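The tour below goes from one selection to the next.

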Amino acid sequence: IYEFDTHVQLTDVSRMESLDQIDYWRRELLAKNEENADLVLMLIGNKVDLLEEEQAKVMHAKGLEYAQKHEMLFEETSAKTGSNVKAAFAKLLSSKV
């Protein structure tokens with residue numbers, strides 16, 4: 001892991017354990033970038049197209065809670081359908097301005 005000003009972590013919202021694994025990589029990244037006060041982290045929950053409505057609400061709440069707890073930007077996307085992909089990167093870019 002190298003030093004960057006932005007870092008996007010992608011999780012598979014159709015698999016709960018995917019969010020659990022994000023924490024390891026977030027800690028690794030922060031350890032390598034301790035002195036970078038400008039670091040922006042973003043959590044993207046991908047594969048929202050695979051979820052039923054109730055499951056989507058639960059996973060959204062869990063992802064948002066995690067992102068807020070760790071001061072990360074948050075967006076949900078579907079790479080398959082293209083849903084919110086541009087919005088996620090626009091959010092990331094606007095945070096750097």
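**A helix and its salt bridges**

Begin with E54 and K57, which lie 3 residues apart in helix α2 and are thus separated by about one helical turn. The model is a predicted one. The side chains of E54 and K57 meet in a salt bridge, 3.5 Å from N to O. E54 is exposed at 54% relative accessibility, while K57, at 47%, is partly exposed.

Next, select the whole of α2, residues 53-69. Its 17 residues should span 24 Å at 1.5 Å a residue, and the end C-alpha atoms are 24 Å apart, which agrees. Now colour M59, G63, Y66 and A67, the buried residues of α2. Viewed down the helix axis, these buried residues fall within an arc of 95 degrees, so they line one face. Show α1 (16-32), β2 (40-46) and β3 (73-76) as well: the buried residues of α2 pack against them. Turn to the face away from the buried side to find the exposed residues E53, E54, E65, Q68 and K69. Just after the helix, stop at E71, where phi is positive at about 55 degrees.

Move on to K91 and E75, a salt bridge with its closest N and O atoms 3.1 Å apart. This pair links distant parts of the chain, with K91 in helix α3 (residues 85-95) and E75 in strand β3, 16 residues apart. K91 is partly exposed at 31%, whereas E75 is buried at 15%.

Finish at E17 and R15, whose side chains form a salt bridge of 3.0 Å, N to O. E17 is partly exposed at 39%, and R15 is partly exposed at 35%. The structure holds 7 salt bridges.

Terms used: Residues numbered from 1 in each chain as written. Predicted model: local features only at pLDDT ≥ 70, side-chain atom pairs only at ≥ 80, totals over all residues. Heavy atoms only, no water. Helix = DSSP H or I, 4+ residues; strand = E, 2+ residues; numbered from the N terminus. Expected span 1.5 Å × (residues − 1). Buried < 20%, exposed > 50% of the residue type's maximum accessible area, 1.4 Å probe, protein only. Arc of directions from axis to C-beta. Contact = heavy atoms within 4.5 Å. Salt bridge = Lys/Arg side-chain N within 4 Å of Asp/Glu carboxyl O.
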